[in-house]
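User: Hi! Could you help me look through a structure? I have a few quick questions.

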Amino acid sequence: MTLISQPKNPLKSPTLPRLEGSIREKADTIRRIIEENRTQSPLSNASVRLMAASKLQSREAIEEAIAADILWFGENRVQEAQEKWPDIRRAYPNVRLHLIGPLQTNKVRDALALFDAIESIDREKLVDAIKHTFDTDKGGSLITSAFYIQINTGEEPQKGGVAPKQAAHLIHYAKQAGLNVVGLMCIPPANHASAPHFALLRNIAKEHGLSELSMGMSEDFHIATRFGATHVRVGSALFGER
Ligand SMILES: *Cc1c(COP(=O)(O)O)cnc(C)c1O
């Protein structure tokens, strides 16, 4: 495997090499980089899981990732996941699937029937729709058992997530509604250093006793690891450019 020192975005990752080779080789390298960073930081979690962000990836690519011992996957769109995942799930019952993209209220029932966890809870209306769907679920076909509140740490108008100032309120609101809130998720702004965003997410989680931190993508998973990520969501560094 060749490692070329040519980061796409030096602001995000001055030291991260561009990864090459098979999905297996890239997964091994990513896990090695995670482990190096994990052991070097006092803020890091005892274990950091590599989640594959598999939007727009084929079943074949997803199966290669599974063969490389990746068991957690994140998809962005409910409809795309509905087309790809039922077959994969039947073939690989140990694989876990999270929704990491925005959720419209009219897709809530479909999402709750497909994903093990939803990481993009960002408004009261969505909490209400989820509660209502569980309350009226007669067939017992809903499987989602964990929820993450998405925080818009950069307060970007075009991005999903609740503003940091409103986080406490939404966390309480979701818990009151009976949602099993396990952690927080964020996507830092593209043109900022990620570290302060990860530090902020970590602090909000700590304030509320939430243990799970979904943060870090291809360009900054090593930084997220240092700030206590419990899983990192890696797409292009694992599968290649989309
Ligand atoms: C696409 C996506 C990722 C992975 O992004 P890469 O930069 O390709 O690693 C992670 N999280 C979310 C929410 C995404 O939409």
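This is a predicted model: local features need pLDDT of at least 70, side-chain atom pairs count only at pLDDT 80 or more; totals for chains, interfaces and linings use all residues.

User: Nice. And at what angle do H5 and H6 pack?

Analyst: The angle is about 10 degrees, and the axes are 10 Å apart. H5 covers residues 124-135, while H6 covers residues 164-176. Angles under 35 degrees count as roughly parallel, so H5 and H6 are roughly parallel to each other.

User: Switching topic: which residues are around the ligand?

Analyst: The list runs Ala53, Lys55, Asn76, Ile100, Ile187, Met217, Ser218, Arg233, Val234, Gly235, Ser236 and Arg242.

User: How far is the polar side-chain atom of Asn76 from an oxygen atom of the ligand?

Analyst: That distance is 2.6 Å. Ser218 also places a polar side-chain atom by a ligand oxygen, at 2.5 Å.

User: What about Ser236: backbone or side-chain?

Analyst: For Ser236 it's a polar backbone atom, 2.8 Å from an oxygen atom of the ligand.

User: And how much of the ligand's accessible area does the protein cover?

Analyst: The protein covers 90% of it, where the ligand on its own has 380 Å².

Terms used. Residues are numbered from 1 along each chain as its sequence is written. Side-chain values use heavy atoms; hydrogens and water are left out. Axes are lines fitted to C-alpha atoms, for helices over the stretch in contact, and angles run from 0 to 180 degrees between N-to-C directions. Helices (H or I, at least four residues) and strands (E, at least two) are DSSP runs, numbered from the N terminus. Angles under 35 degrees count as roughly parallel, over 145 as roughly antiparallel, 65 to 115 as roughly perpendicular and the rest as oblique. A residue is near a molecule or strand if one of its heavy atoms lies within 4 Å of it. A polar contact is a pair of N or O atoms within 3.5 Å; within protein, one must be able to donate a hydrogen and the other to accept it, and residues adjacent in sequence count only if both atoms are side-chain atoms. Accessible areas come from the Shrake-Rupley method with a 1.4 Å probe; for residues, only the protein chains shown count as cover.
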